[in-house]
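Reader: I have a model open and want to learn how to read it. Can we go through some features one at a time?

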Amino acid sequence: MAPGRRNALILGGAGLVAAAAGFLAGPALLRLGSSADAGAFGQAAFTDLDGKLRRLAEWQGRVMVCNFWATWCAPCREEIPLPVAARQKYGPTGVEIVGIAIDNGAKVRQFTASFNISYPILLAEANGLDLMRKLGNNGGGLPYTVITDRQGAVVHRKLGALKPGELDELLGPLTRA
């Protein structure tokens, strides 16, 4: 076998191993929390739809589902009924859903009214991208959901739309803890 072909095969094999490791370990690594996560949440502050400055730390002591989204994001629009239903179901058990809109305030106000969103919505605009990156979403994709426990530790992260039943699987054990 020619040395150039052998080197290409070795490099290709190493690339496949690295890709497989990333595929297998990536989801687990995204779920791991750290003190940096808690610090990112504790310091984050955005205005709500009424123009009041709100800090994510105000929901500490509750299980928090932080959902980053935008009105122009089709998967975000599709998943909106799931956090709305989860707030109704789990709100009385100490869960808060917080929507963080990476979008224009006027569009968000109109959207939240038409979809009857009852949970707090914060207007992050481009500043939300920085928080998402600190929480593990380096590509800035939407939707992005981060769930914290009552102590503020990140217990789950998901890039992409939530599926029916997924929040029940995640929140059920956290509300019983």
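Author: Start with exposure. Buried means under 20% relative accessible area, exposed over 50%, and partly exposed in between (1.4 Å probe, protein chains only). This is a predicted model: local features need pLDDT of at least 70, side-chain atom pairs count only at pLDDT 80 or more, and totals for chains, interfaces and linings use all residues. Residues are numbered from 1 along each chain as its sequence is written, and side-chain values use heavy atoms, with hydrogens and water left out.

Reader: Is Glu 125 buried, exposed or partly exposed, and where is Glu 125 found?

Author: Glu 125 has 46% relative accessibility, so it counts as partly exposed. Glu 125 sits in the loop between S5 and H6. Such labels come from DSSP runs, numbered from the N terminus: helices (H or I) need at least four residues, strands (E) at least two.

Reader: How do I read backbone angles?

Author: Most residues other than glycine have a negative phi, and most peptide bonds are trans. Glu 125 has a positive phi of about 45° although it is not a glycine. Asn 116 also has a positive phi, near 50°. Asn 116 is in the loop between helix H5 (105-114) and strand S5 (121-123). It counts as exposed because its relative accessibility is 60%.

Reader: What is the peptide bond from Leu 142 to Pro 143, cis or trans?

Author: That bond is cis, with omega near -10°. Pro 143 lies in the loop between helix H6 (127-134) and S6.

Reader: What does Phe 68 touch?

Author: Contact means heavy atoms within 4.5 Å. Leaving out residues up to four places away in sequence, Phe 68 touches several residues, including Ile 100, Leu 131, Pro 143 and Tyr 144. The C-alpha atoms of Phe 68 and Tyr 144 are 5.1 Å apart, though 76 residues separate them along the chain. Phe 68 belongs to strand S3 (residues 63-69). With a relative accessible area of 0%, Phe 68 is buried.

Reader: How do I read a pair of helices, such as H4 and H7?

Author: The axes of H4 (residues 81-90) and H7 (residues 166-176) come within 11 Å and cross at roughly 25°. That makes H4 roughly parallel to H7. Under 35 degrees counts as roughly parallel, over 145 as roughly antiparallel, 65 to 115 as roughly perpendicular, and the rest as oblique. Among the residues in contact are Leu 82 and Ala 86 of H4, and Leu 167 and Leu 171 of H7.

Methods: Axes are lines fitted to C-alpha atoms, for helices over the stretch in contact, and angles run from 0 to 180 degrees between N-to-C directions.
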